[in-house]
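Q: I'm new to this one. Can you show it to me and walk me through it?

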Amino acid sequence: MSETIFTKIINKEIPADIVYEDDLCLAFKDINPQAPIHLLIIPKKPIATINDIAEEDRELVGHLFLTAAKIAKDLGIAEDGYRAVMNCNKNGGQEVYHIHLHLLAGQRLGWPPFAS
Ligand code: AMP
């Protein structure tokens with residue numbers, strides 16, 4: 001897949017407000033927050049979309065959710081709740097083709113998210 005802006009963030013070629021990092025993933029603040037807390041959790045391995053997740057990526061994708069839960073606990077938002085979502089392709093609203101979990105929190109979030 002072609003390189004995205006997230007690869008540049010992983011390689012520290014462009015700045016980001018990084019809140020968590022380990023061997024497998026990175027979490028940073030979304031540049032255009034849609035909630036009081038809006039983080040992106042991305043694998044260091046570039047995977048373009050949910051459709052491109054391979055069998056070998058099972059643990060990695062699970063790790064993204066475990067990391068979301070860990071960050072939520074550390075931020076003290078786990079009990080009040082949050083949303084962890086991944087958009088896929090055009091109709092899913094995906095803009096950056098390197099999979100990422102959106103972690104949204106800090107207010108009661110609307111549902112269903114049908115805004116165009
Ligand atoms: P999606 O629409 O699901 O692909 O989400 C992409 C997200 O990446 C959007 O919420 C953008 O605001 C966010 N984003 C794009 N560029 C950056 C950046 N350089 N730093 C932080 N967040 C970014």
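A: Some ground rules come before the details. This is a predicted model, where local features need pLDDT of at least 70 and side-chain atom pairs count only at pLDDT 80 or more, while totals for chains, interfaces and linings use all residues. Residues are numbered from 1 along each chain as its sequence is written, and side-chain values use heavy atoms, with hydrogens and water left out.

Q: Okay, how many salt bridges does a search of the whole structure find?

A: The search finds 8. A salt bridge here is a side-chain nitrogen of Lys or Arg within 4 Å of a carboxyl oxygen of Asp or Glu. In general, side chains of opposite charge can pair when their charged atoms come close.

Q: Which residue forms a salt bridge with Lys-44?

A: Glu-21 does, with the closest N and O atoms 2.9 Å apart. The pair links distant parts of the chain, 23 residues apart. Lys-44 sits in the loop between strand 3 (37–43) and helix 2 (58–75), and Glu-21 is in strand 1 (residues 18–21). Helices (H or I, at least four residues) and strands (E, at least two) are DSSP runs, numbered from the N terminus.

Q: How accessible are Lys-44 and Glu-21?

A: Lys-44 has a relative accessible area of 27%, so it is partly exposed. Glu-21 is also partly exposed, at 35%. The cut-offs: buried means under 20% relative accessible area, exposed means over 50%, and partly exposed is in between (1.4 Å probe, protein chains only).

Q: Which residues does the network with Lys-44 join?

A: Salt bridges that share partners join Lys-12, Glu-21 and Lys-44 into one network. Lys-44 also has Phe-6 at 8.8 Å, C-alpha to C-alpha, though the two are 38 residues apart in sequence.

Q: And what does Lys-45 meet in a salt bridge?

A: Asp-57, at 2.5 Å from N to O. Both residues lie in the loop between strand 3 and helix 2, 12 residues apart. Lys-45 is partly exposed at 32%, whereas Asp-57 is buried at 3%.

Q: What about helix 2, where Asp-74 and Lys-70 sit?

A: Those two form a salt bridge, with the closest N and O atoms 3.2 Å apart. They are 4 residues apart in helix 2, so about one helical turn separates them. Asp-74 counts as exposed at 56%. Lys-70 is partly exposed at 38%.

Q: New topic. Is strand 5 enclosed or open?

A: Strand 5 (residues 101–105) is largely enclosed by the rest of the structure, because 5 of its 5 residues are buried. Leu-101, Leu-103 and Ala-105 are buried on one side, and His-102 and Leu-104 are buried on the other. As a general point, side chains in a regular strand alternate between the two faces of the sheet.

Q: Which strands are joined to strand 5?

A: Strand 3 is joined to strand 5 by 5 bridges, and the two run antiparallel. Strand 4 (residues 82–85) is joined to strand 5 by 4 bridges, also antiparallel. Two strands pair if DSSP finds at least two bridges between them.

Q: Which residues stand opposite each other?

A: Ile-37 stands opposite Ala-105 in strand 5. Ala-84 has Leu-103 of strand 5 as its bridge partner.

Q: Now the ligand. Which residues come nearest?

A: Of the 16 residues around the ligand, Asp-30, Asn-87, Gly-93, Glu-95 and His-102 come nearest. A residue counts as near if one of its heavy atoms lies within 4 Å.

Q: Where are the ligand's oxygen contacts?

A: A side-chain N or O atom of His-102 is 2.8 Å from a ligand oxygen. A polar side-chain atom of His-100 lies 2.9 Å from a ligand oxygen. For Val-96, a backbone N or O atom lies 2.9 Å from a ligand oxygen. Taken alone, the ligand exposes 500 Å², and the protein buries 86% of that. Those areas come from the Shrake-Rupley method with a 1.4 Å probe; for residues, only the protein chains shown count as cover.

Q: Where does His-100 lie?

A: In the loop between helix 3 (89–92) and strand 5. His-100 is buried at 6%.

Q: Last one. Which residues of the largest nonpolar core touch the most other members?

A: Ile-41, Leu-64, Ile-71 and Leu-101 do, out of 14 residues. Helix 2 gives the largest share, 4 residues. A nonpolar core is a set of buried Ala, Val, Leu, Ile, Met, Phe, Trp, Tyr and Cys residues joined through side-chain atoms within 4.5 Å.

Technical notes:
Polar contact = N/O pair within 3.5 Å; in protein donor to acceptor, adjacent residues only side chain to side chain.
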